[in-house]
Amino acid sequence: MDQSDVGDDLANILLTEEQLRERLSELASRIDADYAGKDLLLVGVLKGAIMVMADLARHLHSSVTMDWMAVSSYGSGTKSSGVVRILKDLDSDLTGRHVLIVEDIIDSGLTLSWLVSNLRSRGPASVEVAAMLRKPDAAKVDVDVRYVGFEIPNEFVVGYGLDYDEKYRNLPFVATLAPHVYGG
Ligand code: PRP
């Protein structure tokens, strides 16, 4: 899927396919070096992280294992309430494992903050975070993120795993949506 397939739905392309690929390659080199000789478990957060997980894993030279969680915020009616429930838990036991959470985007940081403490309570050797995108201006809580792809403005973005109403996840780049799509 490409820009020509979505008519005038997009406003701007923020990050091209090539920019994403180059940055992931840099992050993968750092991760390979930081975890050399260690057994690493990548934990992808569904659904947004599917693209970054697939591409990051393929850039790594280390042999890693992969597992997935699906979580959802609820309670206040807003997505970033910070009250999170697990829709799909990990299949893996984290005891003694080095865990790297792989996220597509950190917005308020509330989901991730909850996730880090939840996984840390399971007895792992370490828990760190890799996120392709971070919106510093939207942060409501400070989360220590070891690997960040790009810091982006506080705008609604789609593509590369990110959706609007479950659409646009399979665009290969990150773009802002045209206001007419979301009634803006
Ligand atoms: C997105 C993203 C993060 C979370 C970030 O997931 O993948 O998990 O929101 O928001 P926060 O920093 O404000 O907590 P979303 O709930 O949209 O689900 P999805 O990955 O299935 O699209």
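Biologist: What makes strand S7 largely enclosed by the rest of the structure?

Modeller: Buried means under 20% relative accessible area, exposed over 50%, and partly exposed in between, with a 1.4 Å probe and protein chains only. Four of the five residues of S7 are buried, so S7 is largely enclosed by the rest of the structure. This is a predicted model, in which local features need pLDDT of at least 70, side-chain atom pairs count only at pLDDT 80 or more, and totals for chains, interfaces and linings use all residues. Residues are numbered from 1 along each chain as its sequence is written, and side-chain values use heavy atoms, with hydrogens and water left out.

Biologist: Why is S7 called an edge strand?

Modeller: Six strands form an open sheet of mixed pairing, in the order S4-S3-S2-S5-S6-S7. Strand S4 (84–88) and strand S7 (147–151) are the edge strands, as each pairs on one side only.

Biologist: What makes helix H1 a helix that packs on the sheet?

Modeller: Contact means heavy atoms within 4.5 Å. H1 touches S2, strand S5 (98–106), strand S6 (126–134) and S7. The direction of H1 makes about 160 degrees with that of S7, where axes are lines fitted to C-alpha atoms, for helices over the stretch in contact, and angles run from 0 to 180 degrees between N-to-C directions.

Biologist: Why is one space called a cavity and another a pocket?

Modeller: On a 1 Å grid over the protein atoms alone, a 1.4 Å probe fits in a cavity but cannot get out, whereas a pocket is an open set with protein on both sides within 12 Å along at least five of seven lines; lining residues have an atom within 4 Å of a point. The structure holds one cavity of 30 Å³ or more. S6 gives the most to the lining of the largest cavity, with three residues. The second largest pocket has a volume of about 160 Å³, and H1 gives the most to its lining, with four residues.

How values were computed. Points joined across faces, edges and corners; volume = space filled by probe spheres on them. Helix = DSSP H or I, 4+ residues; strand = E, 2+ residues; numbered from the N terminus. Pairing = 2+ DSSP bridges.
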